[in-house]
Amino acid sequence: MAWEQFERIVSDLEKDIKIDRMNLDEKTLQIPSIKHFWIAELYRSKIKIQKLEGMKKDRIKFLQSTITSEIGLSKSSLTAQMNSDEKIIKINEKLEELKIIVEYLEDAKFVLGRVTDDIKNRIELEKVERL
C-alpha cells in the first residue's frame, strides 16, 4: 500500500514542479500552496510513523505480558518470538515504507524550496533574451 502511495507522491510532485512557458504565471502563483501541501504531506507521514511505533510498543508490551508466563525463556528467544509476531512484522514493513516516503519528501522539500529561485532565474533569462 505504501509503495502505491510513494508512486502517487512522485507522480503528483512531478506535475506540481513541472514548469514551462505556458504555465509559468499559474505556477508562480501556486508555489506557496504547493509547498504547503507537500510539507503537510511530510508531517502526515511522520505522524503515521509515530503512531505505528506506538502500536509496535503496545504490541511488544502485550506479547511480553503473555509470553513471560513461559518460564525459562531466554531474552534472545523472547525477542525472536516477538519479532516473528505477524502484527509486529506488518508494522515493521509499514514503518520501513513510511521512512522511505519521509526521506523522499525531505528531499522534495529542498527541491520545492529551490523552485522559486528557478522561476526567478527563468524570468531573468527571458528579460535578457528580449534585449
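Helices here are DSSP runs of H or I with at least four residues, numbered from the N terminus. Ile89, for example, lies in helix α4. Welcome to this structure, which is a predicted model. The notes below walk through its helices, its nonpolar core, its aromatic pairs and its salt bridges.

- Helix α1 covers residues 2-17 and helix α4 covers residues 86-130, while helix α2 covers residues 24-67.
- From its first C-alpha to its last, the 44 residues of α2 reach 62 Å, close to the 64 Å expected at 1.5 Å a residue.
- Look along α2 for a kink of about 50 degrees at Gln30, shortly before the proline Pro32.

**The nonpolar core**

- The largest nonpolar core has 17 residues, and Trp38, Ile101 and Leu105 touch the most other members.
- Helix α4 supplies the largest share of the core, with eight residues.
- Trp38 has a relative accessibility of 3%, which is under the 20% cut-off, so Trp38 counts as buried.

**Aromatic pairs**

- There are two aromatic pairs to look for in the structure.
- In the pair of Phe6 and Tyr104, the ring centres are 5.2 Å apart and the planes stand at 75 degrees; this angle is over 60 degrees, so the pair is edge-to-face.
- Because Phe6 belongs to helix α1 and Tyr104 to helix α4, this pair ties together parts that are 98 residues apart in sequence.
- Phe6 is buried, with a relative accessible area of 17%, whereas Tyr104 is partly exposed at 24%.
- The other pair is Phe37 with Trp38: the ring centres lie 4.8 Å apart and the planes are at 90 degrees, so this pair is edge-to-face.
- Phe37 is partly exposed, with a relative accessible area of 37%, whereas Trp38 is buried at 3%.

**A charge over a ring**

- Tyr43 has a charged neighbour: the charged end of Lys46 sits over the Tyr43 ring, 5.0 Å from the ring centre.

**Salt bridges**

- The count of salt bridges comes to eleven.
- One of them joins Arg8 and Glu41, whose closest N and O atoms are 3.5 Å apart.
- Arg8 is partly exposed, at 36% relative accessibility, but Glu41 is buried, at 8%.
- Glu41 also forms a salt bridge with Arg44, with 3.1 Å between the closest N and O atoms.
- Both Glu41 and Arg44 lie in helix α2, three residues apart, which is about one turn of the helix.
- An α-helix has 3.6 residues a turn, so residues three or four places apart point the same way.
- Arg44 counts as partly exposed, at 43% relative accessibility.
- Over in helix α4, Arg114 and Asp117 are also three residues apart, about one turn of the helix.
- The side chains of Arg114 and Asp117 meet in a salt bridge, at 3.1 Å from N to O.
- Arg114 is partly exposed, with a relative accessible area of 41%, and Asp117 is partly exposed at 29%.
- Salt bridges that share partners link Arg8, Asp12, Glu41 and Arg44 into one network.

**Distances along the chain and in space**

- Ile89 is partly exposed, at 36% relative accessibility.
- Ile89 and Lys56 are 33 residues apart in sequence, and their C-alpha atoms are 9.5 Å apart in space.
- Glu4 lies in helix α1 and is exposed, with a relative accessible area of 53%.
- Glu4 and Lys18 are 14 residues apart in sequence, and their C-alpha atoms are 21 Å apart in space.

Terms used:
Residues are numbered from 1 along each chain as its sequence is written. This is a predicted model: local features need pLDDT of at least 70, side-chain atom pairs count only at pLDDT 80 or more; totals for chains, interfaces and linings use all residues. Side-chain values use heavy atoms; hydrogens and water are left out. Rings of Phe, Tyr and Trp (its six-membered ring) pair if their centres lie within 6.5 Å; planes under 30 degrees apart count as stacked, over 60 as edge-to-face and the rest as tilted. Helices (H or I, at least four residues) and strands (E, at least two) are DSSP runs, numbered from the N terminus. Buried means under 20% relative accessible area, exposed over 50%, partly exposed in between (1.4 Å probe, protein chains only). A charge sits over a ring if NZ of Lys or CZ of Arg is within 6 Å of the ring centre and within 35 degrees of the ring normal. A salt bridge is a side-chain nitrogen of Lys or Arg within 4 Å of a carboxyl oxygen of Asp or Glu. The expected span of a helix is 1.5 Å times one less than its number of residues. The bend at a residue is the angle between axes fitted to the seven residues ending there and the seven starting there. A nonpolar core is a set of buried Ala, Val, Leu, Ile, Met, Phe, Trp, Tyr and Cys residues joined through side-chain atoms within 4.5 Å.
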